[in-house]
Structure formats: C-alpha cells, structure tokens
Amino acid sequence: MKTAAMRCTMIAASLTVAGAAAGADLVVHPQEWPRPAPALPADARLEARIDALLERMTPAEKIGQLIQANIGSITPDDLRHYPLGSVLNGADFAPGNDKLASPGEWLKLADRFYEASAGAPHALPVLWATDAVHGDNNIPGATIFPHNIGLGAARDPALLRRIGAITALEVRVTGLDWTFAPSVAVVRDARWGRTYESYGENPRLVAECGAALVEGLQGRAGTREFLDAAHVLATAKHFIGDGGTGGHDEGDNTAAEAELRDVDAAGHVAAIAAGVQTVMASFSSWQGAKMHGNRALLTEVLKQRMGFDGLVIGDWDGHAQLPGCTSASCAPAVNAGIDVLMAPESWRPLFVNMLAQANSGEIPAARLEDAVRRVLRVKLRAHLTEEGPPSSRPYAGHFELLASPVHRAVARQAVRESLVLLKNERELLPLKPRARVLVTGDGADSVQRQCGGWTIDWQGRQPSEAIRPAESIYAGIRAAVTAAGGRADLSPGGEFSVRPDVAIVVFGERPYAEGAGDVASLVDPDERRDVTLLERLHAQGIPVVAVLLSGRPLSIEAELALSDSFVAAWLPGAEGGGVADVLFRARDGTLAHDFRGRLPLAWPRTPAAGGAAPAGPLFPYGYGLRYIVKR
Ligand code: BGC
C-alpha cells in the first residue's frame, strides 16, 4: 500500500498540469498508468531513414504532413501547392460528392491523390483514411458487419480478427490505407448516441475485442503480414474517456484519474500492445478540460508512459473547441501532443497559420520534428513509399472481393453469434421451419434499420435498396421457412388472413450516429406503436417472438411481458439471414445453431411511471439464455 508520504513525493515528482482553463489544477500521475510491452522492436534503420527524410524536407512539407483535409474540400491538384500528408472521407463524403459512387470511382480518386502527392521532390505519398467501422461501410457493395455492441455480445476474438482482416482487404480493394477503427470506448450510459460503437461496459471485454480488431486490420505486429498489402492502418479512438460522459456525446468525463486509467484506458492499452499505429483524440473533456489540449494525457501518459510511437490524430475540427483556438489556428493542440490536425475544410488557412507558428516558435521546433517523425514512421511502416499507386497494389480493383460469398458468410456468422436471448417462455424457440410464420413489425424488412448509422452515409439514412448485397431479417426467415416447406408472410402492420402458427415481430430504433443519437431516456419514441402491435397478437393468442433492433438497451418491460420469446439483435448489419439461422431448427429438425451472445452491458430497468428507476438492472451484464444448458 502506498503511504501518504510516498504519495506526496510521487505527486511532486510527476505533477503535471492537465490542460487549459477548467482543468488547470488537475494532476495526472503518468507513472501510475499501464506501460504495455512494445509491439514492435526498436528499429534503428527505420529511424535513420526518417532522419534522412527530415533533413531534406522543407518547413512547408513538414507542416503539410500534420494536416488532414476532407475530400469534400480538397482536390488532388491542391496537393501540388499544399503538400498535405493525408486526406479523409468524412462519413457523408464520397468521390464526386456521390454517396453511391462505385468502388471503381474510389480507386480512381485514390490514384489521383497519390499521383499528386508523390510527384513533388522528396514527396511522401498521401494517406487516405476512412471510417470503416463495421466493414468498409462507406462503399456501396461492401460487406456490412454488426456494429461493435453486437460483437461485444459475441465475445469471439477469433471472429473479430477475421472481421478486421476482411474489412482491411475490402478497404484495400478501393485503394485506401487507413481506417478510423476500432472505437475502444467503454460505455457507461446507454443514452449516449455512440453506445453501439462500443464493445460494452466492461474494460476487459473492450480490451479483448479492440485488440483483436486491430490485429485483424493491421495484421499481427512482428510478423510479415503486419501492414502488408492486405492490411490497413487502424485507429484506437477516442483517447480518452468518451464512454464515461453521462450519456452526452462530446461531453465531460468527471471520473477520478484512477477510473480513467482502469476503465477508459483499457482498450487503448490493449490496442497499443497489439501495435495500433494511430490514436484519435476524443472530442470529450476530462474534468472540464477538452482532451485535444490535454498535454498530460496525450503526451506524458499516451506517448511517454504507454510508449505509443505512432501518430495521434485530432478528431473532426476537434482542435477548434480549445479555448483561444479556431478551426484555422491552434498551436495549443499541437503542443499538447496532437500530431495531425483533422481540418476537414479549414486546412488551407491552417497550413498558413501553422507555418507561421513554426517560424515564430509558437510551435517549438522539437515538437514539430517529433510530430513529423511520427507521421513518417507510420508511413514507412505501412510501406507507403514502396507500394506505388493505389491501383497497382495487389488487391486493388478486385471488386469481386467486396461482399464475396466468403466475406458475407463471416458477417452472417457474426450476426448469429451476436444475438442475445433474453426470454424464452415454454421453449417457444427454436421454431420448426415447416410452419406458417407471420413476420411483422416495421424493422422486419428493412436493411437500413438493421445496419444503423455509419452505413453508406453518416446517419444511416440511405434507403435499404442502397445497401446491397444484403438480406433483410424477413428475407432470411422466408428462405429458411420455404426451404422446409413452410410459409412466411410479411405484414408490417401484423394483419393476416390465415392464422399463423407464430409471429416474429421485428422493431426498434431508427438509425442515428454520434450526438444525434443522444437521448434523455431509453424509452423509444415508437414504443407505443410496437406495444400496440404486440398487444393485438397477444390478445389473439398467437405465440410471439420479439426481435429488437437497437444500438443499446431500451425500455422493453411492456414488450417483454407481451412476448413469449425476446431477442436483442443489436444492429446486425446486412446479413439478416443470421437471425433465422438461430431462431429456426434445421430442415431435418436438428438444432443447427444455439444462441451464444451475452449482454455486453447491463440492461437497465426503465423508470416506473413518474418515478425513479427501481434498483438493479433488468438483466445483468453477461446475461443470455441458451437452448442447450451446459452443466
Ligand atoms: C467522429 C470520428 C470519426 C471522424 C471522421 C468524427 O465526427 O467523432 O469518430 O472518425 O468524424 O469521420
């Protein structure tokens, strides 16, 4: 145990000011934070190559490496005058400003950015980053996996590695290099709009899942596959504390340092141990101070204590939220430890201002060199200087790999594994497929609702038809039932002419992303309508299987009471057939798939009418029923 005297000496030795304004009196104790074993050995040859490059680069070329622009606001030609180090496609941006642009258009644009960046003297090819957060989800025709919350329920690191590898390969098909995934947020309040981007509330679960995804995306550190032509750069995001802001996106995490370290940092530490090459700073604050300005956590904890030697990227204009900063000028963010500022639109004036700040010493030369060194290190590790134009790389242009049958089968497996069975009265499930099945509820035939946000566009508002290939939950049920000689009828309103043997009711949330998904309560606005449908079926004595599509636990007590079986399906993505795989027996009556999912976060009780929430969760963390109970 540490004595009070020891503690005082430690504080004196490590006293570190956490940030400007609100957080100015906060102290952080870097030496008390974890120090993961380095994923890669020190590499003197690599550092010597970086030294040589740094020597030749002009100040403008150096500053350029530290700025990332959005493809909606920069053309390849701009790179000839402003040698930026990277671009991104914001979640609502695509080549030609067409969200439905073909994969070939993405590859062509990647080539154009590459050619423009690689043409200049001592030029380093540009990196292109995308939010491939549940598959290569911005590309029409790519495999769409369940969102992270469902993968947290599946608890299958080997599956996550496969998903990461498939996502990387599909990103490579279109010539991109980098994905802003995984989110390693440890969600504590499901009212947060980014709950579904989290693997769950348990730091160990998040660490295990996040590290596995990083390994899948980048390849295993220290092996030949690491960042080879089949892999891409991964990003652990968001550093740090975004899951603990009381349900507010970009909010304030008021946890004590120990909680930040033991809970919020778990996924970052595991990702660093797995060799993650980039970390994104969080929009959120800690103890009132914005993370983008927190030198103690970004530099002393993340880089120095944890030994992270890759690059730290800011979030979308996140630097502009610092006191005294604008999107076009923010030396404090760079000085706090952000290496690359994500400046979607303001990159041009930012470039001019940063050059001046470097000249005047407002950004010290040593900080500048360190930031550029980190970008170069990541680029060289990713073999960017040897790879040639995107379209010349091994998997580029192999569009047949996008949503290939093998990739779709893995996505379907992920759906099966992510489902959590919350109730199964009188063992209604598994169902016999040779039956008359009514499929109802407004989520039954909606690929859009299955996929949620971050699918083709940011908020997930594209029509189901835009997400192809895909199978709705209804289509999967119909296939299973008709193959066995039964019949499945779709009726979103629940009407029927011949009485069904069973009704499967699919309902839940409409798509959202980030702050747009923050809610004040877990009562779904459409709940009344869904309850009415369930009441009607219940009153007619029809056995009911409820399937909830949601990015988080919701108020379900009424729905539970009116259903015989209840399945939390999360946001399963494009392969809705995985739901039927588990709900139904095989054609020959055997059990092909059992439920495997367990709750990745406790399911809260919802407030009683007019009152406070009763104590204890409705279902605890880890809950999930099985058909076959193993003893
Ligand atoms: C999100 C990040 C994302 C970035 C780029 C931001 O709004 O917070 O998670 O990577 O946009 O699209």
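A residue counts as buried when its relative accessible area is under 20%, as exposed when that is over 50%, and as partly exposed in between, using a 1.4 Å probe and protein chains only. With that in hand, take helix α14: 13 of its 17 residues are buried, so by this definition the helix is mostly covered.

A few ground rules. This is a predicted model, where local features need pLDDT of at least 70 and side-chain atom pairs count only at pLDDT 80 or more, while totals for chains, interfaces and linings use all residues. Residues are numbered from 1 along each chain as its sequence is written, and side-chain values use heavy atoms, with hydrogens and water left out.

**The helix and the pocket**

Back to α14, which covers residues 365–381 and reaches 24 Å from its first C-alpha to its last. That is close to the expected 24 Å at 1.5 Å a residue. After the helix comes H383, with a positive phi near 60 degrees.

Of its 14 lining residues, D43, L46, L380, R381 and H383 are the closest to the centre. Here a pocket is an open set of points on a 1 Å grid over the protein atoms alone, where a 1.4 Å probe fits and protein lies on both sides within 12 Å along at least five of seven lines; lining residues have an atom within 4 Å of a point. Two elements, α2 (44–56) and α14, each give two or more residues to this lining, and α2 has the largest share, with 3 residues.

**Aromatic pairs**

Rings of Phe, Tyr and Trp (its six-membered ring) pair if their centres lie within 6.5 Å; planes under 30 degrees apart are stacked, over 60 edge-to-face, and the rest tilted. By this rule there are 11 aromatic pairs. Here are two of them:

| Pair | Centres apart | Plane angle | Type |
|---|---|---|---|
| W178 and F180 | 5.4 Å | 70 degrees | edge-to-face |
| W570 and W603 | 6.0 Å | 45 degrees | tilted |

Elsewhere, Y82, W347 and F351 form one aromatic cluster.

Methods. Helix = DSSP H or I, 4+ residues; strand = E, 2+ residues; numbered from the N terminus. Expected span 1.5 Å × (residues − 1).
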